[in-house]
Every structure is written in C-alpha cells, then in structure tokens.
Amino acid sequence: MHLFTDTPLKFAFSRTDFKEDTLKSENDAKFGILGVPFDSTTTYQPGARFGPLYVREASYNFEKFHLFLNKKFETCLYDCGNLEVVPGNFHKTCNQLQSVISSMIKKGITPIVIGGEHTISYGITKAINIQEATIIHFDAHMDLRDSYIGEKYSHATTMRRIHNQKPKKIIQIGIRSCSQGELEFAKKTGIEHHTSLEIKEDLHGMEKIINHIKGPIYVTVDLDVLDPAYAPSVGTPSPGGLDSLELEKLVFSLRNKEIIGFDVMEVSSTTVGDITSLNAAKVILDILFLQ
Ligand SMILES: [Mn+2]
C-alpha cells in the first residue's frame with residue numbers, strides 16, 4: 001500500500017489502529033475509505049478534488065446512533081487516506097487507483113471511495129471482480145457516451161467504460177438527463193434506468209426493485225442525483241432530482257445486501273458546512289450503518 005499518503009483528518013468513526021497486524025487478526029467485515037482528489041475532465045463546476053476533504057469534515061456532524069435504523073455504528077472502518085493523484089493525467093491516476101484498490105481487496109477491506117470526478121469509478125471497478133455484480137448507479141446523468149468532446153475517459157463516459165467491463169447488470173437511478181444516443185444504447189444493451197420523475201411518483205416501487213437484487217452489488221453515487229436544492233456543489237447540477245430523504249430510503253433498500261464496494265463522487269464543496277458534503281457524508285454513513 002505504498003501509494004497511500006497520510007491525511008490528517010480521518011472520516012468519522014474510523015479506527016486509528018490501521019496496521020497490517022490488526023488486519024490479519026480480524027475476520028469481521030472491514031471497510032476502508034480512500035479519497036481520490038482528482039478533477040481533470042470536469043466540464044462545468046470544478047472543485048471535486050476538494051470532495052475528500054470536505055466530505056470527511058462533514059462526517060463529524062452525525063451521531064454514532066441511527067434513529068431511523070435504531071442502531072449503533074459498529075462497522076469496522078478504516079480511513080486509508082488519499083490516493084496520490086497525477087493532476088491532468090487520468091491514466092496514471094487510474095493505474096495508481098487500481099493498484100491501491102487491489103491491495104485493499106487483498107487485505108479483505110471493502111473499498112469506499114470519495115471522489116473526485118466520476119471518471120475514477122472506472123479505476124475502482126477495474127480492480128474489483130464485477131462480472132457477477134449488479135452496479136447500482138445513482139446519478140442525474142446516464143454517462144453512457146462512448147466519447148465526450150473526443151475523450152474516451154471523461155466524467156460523461158464513465159458508465160459506458162464500466163459497461164464495457166461486462167458487469168452482470170447496471171441499474172441507473174434518478175436519471176433526468178441524457179442524449180438520444182445514450183437512451184438508445186441503454187435500451188439496446190439492457191441497461192435499466194429509472195428517472196427521477198418515476199421515483200418521485202413511486203418511491204416504493206424503486207425500493208422493491210433494489211430489494212429484489214440478488215448477489216454482489218457495487219454502488220456508485222454521483223451526488224448530482226440529488227436536486228441542486230440539496231446538492232448545489234457538484235460538477236454538473238441538474239434540477240428535478242431526488243431529495244435527501246428519498247435517497248436515504250433507497251439506500252435503506254440495500255439492507256442485507258452484499259456490498260462489494262461503493263463510491264460517492266462529484267462533490268465540489270469548498271466551504272465548511274456545505275450541504276453537498278453533508279449529504280455525501282450522510283450517504284456513506286447510511287450505507288456503513290447497514291453493514
Ligand atoms: Mn452526473
């Protein structure tokens with residue numbers, strides 16, 4: 001794990017005894033936070049490189065008890081620090097990310113990645129065996145273009161790159177923006193999408209769909225799935241999105257599921273107390289409370 005750097009601020013409730021010996025001696029499920037402060041292909045609102053910093057900072061504003069779940073936080077969580085990124089070079093960054101995620105998995109740590117722009121999800125799933133997994137993709141956008149402004153690797157193409165890795169299934173949730181070509185591609189290839197409008201009209205229906213998923217699940221959350229009223233500091237805000245409680249209820253549908261990794265991307269907060277980073281920290285804690 002030589003690529004980790006130390007981060008002075010650790011995610012809330014993470015353990016401080018992150019040592020190889022500790023890892024070997026424990027058999028419980030273990031989760032590890034990795035920040036990836038990279039935002040080189042962002043086209044609109046930059047700043048996702050500050051996501052890891054502000055999401056960690058926001059994580060300290062929550063209780064160690066979850067009222068809705070009536071549960072104490074007991075998940076074994078480590079904060080592995082931030083990836084050494086190479087600003088402006090997606091491929092080098094992605095290779096380092098793949099290497100670090102692989103070493104986390106080898107040590108039995110389920111990765112939780114805080115972005116950074118959405119492009120980097122591809123570097124994570126490259127290191128995970130996703131062929132048997134369902135990808136749950138929360139996002140305003142389909143991100144299914146084969147290339148964007150001539151670039152194969154962009155925040156706007158990340159789900160197309162992940163689709164090429166042949167996961168068992170992709171379910172997109174909260175969608176409200178795509179090109180006609182992306183919609184046709186989704187229909188042709190069986191990528192399931194559920195619009196924010198559909199979810200607003202029948203949240204319970206969406207919960208049931210998530211409930212019925214069998215087998216391993218990788219979750220990727222672009223925070224712009226939330227309405228800009230709840231998450232204004234994202235790379236590409238899009239009105240007409242979910243509210244915080246709707247997203248929380250959908251996350252609760254992941255109860256008792258086998259989560260093989262998840263990421264929360266596109267947070268570009270630049271101030272303490274920003275609602276976007278608070279919502280991002282909340283999503284991470286909600287998933288961790290369920291474990
Ligand atoms: Mn998006």
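**Entry 1: strand 7 and its partners**

I looked up strand 7 and strand 10 (residues 216-222) and found them paired in the parallel sense over five bridges. Two strands count as paired if DSSP finds at least two bridges between them. The strands are DSSP runs of E with at least two residues, helices are runs of H or I with at least four residues, and both are numbered from the N terminus. I note that this is a predicted model, in which local features need pLDDT of at least 70 and side-chain atom pairs count only at pLDDT 80 or more, while totals for chains, interfaces and linings use all residues. Residues are numbered from 1 along each chain as its sequence is written.

I then followed T134 of strand 7. In strand 10 the bridge partner of T134 is I217. Strand 7 also pairs with strand 8 (residues 169-175), in the parallel sense and over five bridges. In strand 8 the bridge partner of T134 is K169. The chain gets from strand 7 to strand 8 through helix 5, and I logged this β-α-β crossover as right-handed. Right-handed here says that, with the strands pointing away from the viewer, the path from the first strand over the helix to the second runs clockwise.

Is strand 7 enclosed or open? Five of its five residues are buried, so strand 7 is largely enclosed by the rest of the structure. I used these cut-offs: a residue is buried with 20 or more other C-beta atoms within 10 Å of its own, exposed with 12 or fewer, and partly exposed in between, with C-beta atoms placed from the backbone. T134, I136 and F138 point one way from the strand, I135 and H137 point the other way, and all are buried.

**Entry 2: strand 11**

I checked strand 11 next and found seven of its eight residues buried, so I list it as mostly covered. Seven bridges join strand 10 to strand 11, and the two run parallel. I217 stands opposite I259 in strand 11. Strand 10, helix 9 and strand 11 make a right-handed β-α-β unit. Strand 6 also pairs with strand 11 in the parallel sense, over three bridges. There, the partner of I112 is F262.

**Entry 3: helix 2 against helix 10**

I looked at how helix 2 (residues 51-58) meets helix 10 (residues 275-289): their axes come within 8 Å and cross at roughly 70°. The axes are lines fitted to C-alpha atoms over the stretch in contact, and angles run from 0 to 180 degrees between N-to-C directions. I therefore call helix 2 roughly perpendicular to helix 10, a label for angles of 65 to 115 degrees.

Which residues make the contact? I noted Y54, V55, E57 and A58 of helix 2, and S277, L278, A280 and A281 of helix 10. Contact requires C-beta atoms, placed from the backbone, within 7 Å. By class I have six nonpolar, one polar and one charged residues. Nonpolar covers Ala, Val, Leu, Ile, Met, Phe, Trp, Tyr, Cys and Pro; charged covers Asp, Glu, Lys and Arg; polar covers the others, Gly among them.

I found D143 with a positive phi of about 55°, although it is not a glycine. D143 lies in the loop between strand 7 (134-138) and helix 5 (158-164). It is buried, with 29 other C-beta atoms within 10 Å.

N256 is a residue other than glycine with a positive phi, near 65°. I place N256 in the loop between helix 9 (244-252) and strand 11 (258-265). N256 counts as exposed, with 8 C-beta neighbours inside 10 Å.

Last, I logged the peptide bond from G115 to G116 as cis, with omega near 10°. G116 sits in the loop between strand 6 (109-115) and helix 4 (121-125).

How values were computed: Parallel < 35°, antiparallel > 145°, perpendicular 65-115°, else oblique. Contact = placed C-beta atoms within 7 Å.
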